[in-house]
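Visitor: Could you put the model up and talk me through it? I'd like to start with the overall dimensions and then go into the details.

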Amino acid sequence: MASEIYNGKLLRFKFNEKKFLHATSCKLDFATKLEEIATKDTNGTVVIPSNYSWTGSTEALLSNLPTGDLEHVTFDDILKLKLAGTQIDVDFTTDVTGDIIYTGKAFIENAGITSTVGESVKVTVSFRGNGDLTQDTVS
């Protein structure tokens, strides 16, 4: 059954159909380019929506993949794809039947590691969509 209110623990990114291991937060952003038009018949500028773009980011705890785990991807896996300039498939989903799923292709833009005394090591990954992001329903 679809969630009435989405559970933040369930909503996460998948990269090439694998969940990002030990993710703690994720964010999906949409932006629309607005073209400004001014003519001799207007007193100000008029904006017309043009193309859109999308980006995403996620934070996780740095960890090794448990032996035999085929469902997750680690920061090291993501970093290899970034350094190779590989386009990836991205899903933003709860995997709950009836919930919304966003899918598209992207390039990893940034990847980083933060190590602070007294805290678990954190990693961040951000990516930029390449083309359309589609919205569907988990079936």
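Guide: The chain has a radius of gyration of 18 Å, whereas a compact globule of 139 residues would have one near 14 Å; the radius is taken over C-alpha atoms, and the globule rule is 2.2 Å times the number of residues to the power 0.38. This is a predicted model, in which local features need pLDDT of at least 70 and side-chain atom pairs count only at pLDDT 80 or more, while totals for chains, interfaces and linings use all residues. Residues are numbered from 1 along each chain as its sequence is written, and side-chain values use heavy atoms, with hydrogens and water left out.

Visitor: What does the C-alpha trace span along its principal axes?

Guide: The C-alpha trace spans about 70 × 40 × 30 Å. Of the 139 residues, 24% count as buried, where buried means under 20% relative accessible area, exposed means over 50% and partly exposed lies in between (1.4 Å probe, protein chains only).

Visitor: How many helices and strands does the chain have?

Guide: The chain has one helix and eight strands, in the pattern β-β-β-β-β-α-β-β-β along the sequence; helices (H or I, at least four residues) and strands (E, at least two) are DSSP runs, numbered from the N terminus.

Visitor: In what order do the strands form the sheet?

Guide: The eight strands form an open sheet with mixed pairing, in the order β3-β4-β8-β7-β6-β1-β2-β5, and two strands count as paired if DSSP finds at least two bridges between them. The edge strands, each pairing on one side only, are β3 (23-37) and β5 (72-73). Helix α1 (residues 75-84) packs on this sheet and touches β1, β2, β5, β6, β7 and β8, with its direction making about 95° with that of β7; contact means heavy atoms within 4.5 Å, and the angle, on a scale from 0 to 180 degrees, is between N-to-C directions of lines fitted to C-alpha atoms, for helices over the stretch in contact.

Visitor: And how is β4 paired with β3 and β8?

Guide: β3 and β4 pair in the antiparallel sense over 13 bridges, with Ile37 opposite Val46 in β4. Strand β4 (residues 46-61) also pairs in the antiparallel sense with β8 (residues 122-137), over seven bridges, and there Thr58 stands opposite Val125 while Ser57 has Ser126 as its bridge partner.

Visitor: Changing topic, how many salt bridges are there?

Guide: There are five, a salt bridge being a side-chain nitrogen of Lys or Arg within 4 Å of a carboxyl oxygen of Asp or Glu. One of them joins Asp89 and Lys105 at 2.5 Å, N to O; Asp89 lies in β6 and Lys105 in β7, so the pair ties together parts that are 16 residues apart in sequence. Another joins Glu109 and Arg128, with the closest N and O atoms 3.1 Å apart, and because Glu109 is in β7 and Arg128 in β8, this pair links parts 19 residues apart in sequence.

Visitor: Is Asp91 buried or exposed?

Guide: Asp91, in strand β6 (residues 88-93), is buried yet has no salt bridge, and Lys14, the nearest side chain of opposite charge, is 5.3 Å away; Lys and Arg count as positive and Asp and Glu as negative, with His and the chain ends not counted.

Visitor: Which residues is Asp91 in contact with?

Guide: Leaving aside neighbours within four places in sequence, Asp91 is in contact with Arg12, Phe13, Lys14, Ile101, Tyr102 and Thr103.
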